[in-house]
There are 2 protein chains.
Amino acid sequence: MKIEHITLVRTPEGVPLESDFAPGYGSLGALADGEALVRVHALSLDPYLRSAMSGRHLSAAIQPGDVVRGEGWVEVLESRHPRMAVGTHWVAACGWRSAALLDRAAIDAARPIASAIEPRTLALGGLGMPGLTAWAGFHRMCEAKTSETLVVSAASGAVGATVGQLARIAGCRVLGIAGGPEKCAWVQNVAKFDACIDYRQRDLRSVLRELAPNGVDIYFDNVGGDVLQAVSEQLALRARVVLCGLMANYNGPPAPGPNPGLWIKARATVRGLVVYDHWAHFDTMVQELLSHHRADRLHFREELHQGLHAAPAAFCRLMRGENQGKVVVRL
Amino acid sequence: MKIEHITLVRTPEGVPLESDFAPGYGSLGALADGEALVRVHALSLDPYLRSAMSGRHLSAAIQPGDVVRGEGWVEVLESRHPRMAVGTHWVAACGWRSAALLDRAAIDAARPIASAIEPRTLALGGLGMPGLTAWAGFHRMCEAKTSETLVVSAASGAVGATVGQLARIAGCRVLGIAGGPEKCAWVQNVAKFDACIDYRQRDLRSVLRELAPNGVDIYFDNVGGDVLQAVSEQLALRARVVLCGLMANYNGPPAPGPNPGLWIKARATVRGLVVYDHWAHFDTMVQELLSHHRADRLHFREELHQGLHAAPAAFCRLMRGENQGKVVVRL
């Protein structure tokens, strides 16, 4: 069976370019026992893929010549594995392909898309891995109390937007940090954070001092770099910091962190979050977020691109920080 | 009343020099209501004073022209405050003076030296503020479990040595990091750590990989800088890091910390420790450490210097990392 796919041509230097990728054609062999043939309906584009392209992610490296890895929403066309019935919909590691053969390991790791999830692309974002990241980080690590001030960076992203909305629902004062007026407007007007700071337009340190004069109780960090340093300078006593993402580092070599004296001074508790540790809570997360979503308290934002060929440009846009919400490629 | 004292002549640049200090004479006025006149028996020299000399410590800055601040073991000669009886012994903020007038605030903050503490200089070190730092850091922040591997830097220092010995008593495998063969010998042979790494002689990263092949479960950091980075590269899953001291930074400007990705990868919990938060546990600490000390399970090491005039050289030696144990100046 002939399929379309996208390969990585070279390891990106810095911010990826479209020319680091190439479309092409492959073929799928016959279905072996324990495998399933799936059609790919949509791809999830996630920043962690950039780290994997540099061999710096927990998951395996994506190397030149490889079809780009990644999860997608798939539908089962043929199956020789009891877990996957024909016609069912899943999130699975299909790669950047129009169709894929899933092996036993991929099938074991796949998650069925609950029928309540509509549109199904939400299973890639707000009700998928980014949703679980936000849910676990907020509920299992932030120790948030009513009226505390929570700051979250990449506030319009799939993780950040949900963290902030969960915090708002929990009665926190929520400040977002994002780049550009369009993102900030969405965060304030739709996600209804108390404020969103455009770090490109304003001096983050002085705005934080103004908006959080008594200090930041909780900082949920999706970016690292100077934003992490700046917020660490403004922490309240007994602050909690969740280290979740390193967007500022993904395109370059590992960068140093903030001066540890800031965390000593604040008696901060800093925790590293990896979503893989929290899969056991997946169904709880979906239930809770869906119920908020239906009650119009929680909004998801997707940036949809059309066609497999659009994936490289969409990924580069994501890695330049230009995306507006969760980036999904519909096939 | 005429007294001897030591003033700070200039703010040190980098590692302090003896010439940054000057001996001199001062006088004490008449005893006002609520004050006490004390004789100083010994001074405690602590690294935090260096930060205070640069105005970077939580406590007030020590500025050129000031008599150097600091705690000491004092004996009450005259008293107009009900808390301090003549002839009793205390740890109080006397400064680098042969005798001092303590005001109400200093008397409120002073701690009586329990009669069980012998010699009384231990109330400045192993059974004083550094002892509480170690006790609180270990018992309230490390969450140590039997057989876990704990690494502590500045392992022969007043805090590090006690942290490591408490960990050994609790059944941990304990690795120290210290500079120089003499310190390492004491840590291994007297404090009985499982090993002590001389970071000046050996490549810390490769020795850590060799001695902690399954990773470091707990890192108690007294130094910051590259040692913190190196140990962070070798953390086990769900490691705990206690940020306690920044010896590598005290002589210079604030330096960056480790790449946060290391802590994310390890799902580490990193906590900032300030001893002031733990005073309520002081008596518990003294009781526990004394009982271990009497049972010969816990050793304290003091480096005694004679005479107030010896304080500047002793402090410079401490800030060059050349001291062997808690630095105390006997008057």
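Biologist: Into which domains is chain A divided, and where do their bounds come from?

Modeller: Chain A is divided into domain 1 (2–124 + 301–330) and domain 2 (129–276), with bounds taken from an automatic or database domain assignment. This is a predicted model, in which local features need pLDDT of at least 70 and side-chain atom pairs count only at pLDDT 80 or more, while totals for chains, interfaces and linings use all residues. Residues are numbered from 1 along each chain as its sequence is written, and chains are lettered from A and ligands numbered from 1 in the order in which they are written.

Biologist: How many residues does the contact take from domain 1 and from domain 2 of chain A?

Modeller: The contact takes 12 residues from domain 1 of chain A and 14 residues from domain 2 of chain A, where two residues are in contact if their C-beta atoms, placed from the backbone, lie within 7 Å. The C-alpha centres of these two domains lie 28 Å apart. On the side of domain 1 that touches domain 2, there are 4 nonpolar, 5 polar and 3 charged residues; here Ala, Val, Leu, Ile, Met, Phe, Trp, Tyr, Cys and Pro count as nonpolar, Asp, Glu, Lys and Arg as charged, and the others, Gly among them, as polar.

Biologist: And between the chains, what does each one give to the contact?

Modeller: Chain A and chain B each give 27 residues. On the side of chain A that touches chain B, helix H9 (260–265) and strand S13 (269–272) of chain A are the elements that give two or more residues, and H9(A) supplies the largest share, 5 residues. Such helices (H or I, at least four residues) and strands (E, at least two) are DSSP runs, numbered from the N terminus. By class, this side of chain A has 16 nonpolar, 7 polar and 4 charged residues.

Biologist: What makes S13(A) and S13(B) a pair?

Modeller: Two strands pair if DSSP finds at least two bridges between them, and S13(A) and strand S13 (residues 269–272) of chain B have 3 bridges in the antiparallel sense, so they meet that rule. In one of these positions, Thr269(A) has Arg271(B) as its bridge partner.

Biologist: What makes S8(A) mostly covered?

Modeller: A residue is buried if 20 or more other C-beta atoms lie within 10 Å of its own, exposed if 12 or fewer, and partly exposed in between, with C-beta atoms placed from the backbone. In S8(A), 5 of its 5 residues are buried: Thr149(A), Val151(A) and Ser153(A) point one way, and Leu150(A) and Val152(A) the other way. In a regular strand the side chains alternate between the two faces of the sheet.

Biologist: Are Thr121(B) and His41(A) buried, partly exposed or exposed, and how do you know?

Modeller: Thr121(B), in the loop between strand S7 (111–112) and helix H3 (129–141) of chain B, has 25 C-beta neighbours inside 10 Å and therefore counts as buried. Leaving aside neighbours within four places in sequence, Thr121(B) is in contact with Ala42(B), Trp73(B), Glu302(B) and Val328(B). His41(A), in strand S3 (residues 36–45) of chain A, has 19 other C-beta atoms within 10 Å, so His41(A) is partly exposed. Not counting residues up to four places away in sequence, His41(A) touches Trp73(A), Val74(A), Glu75(A) and Leu331(A).
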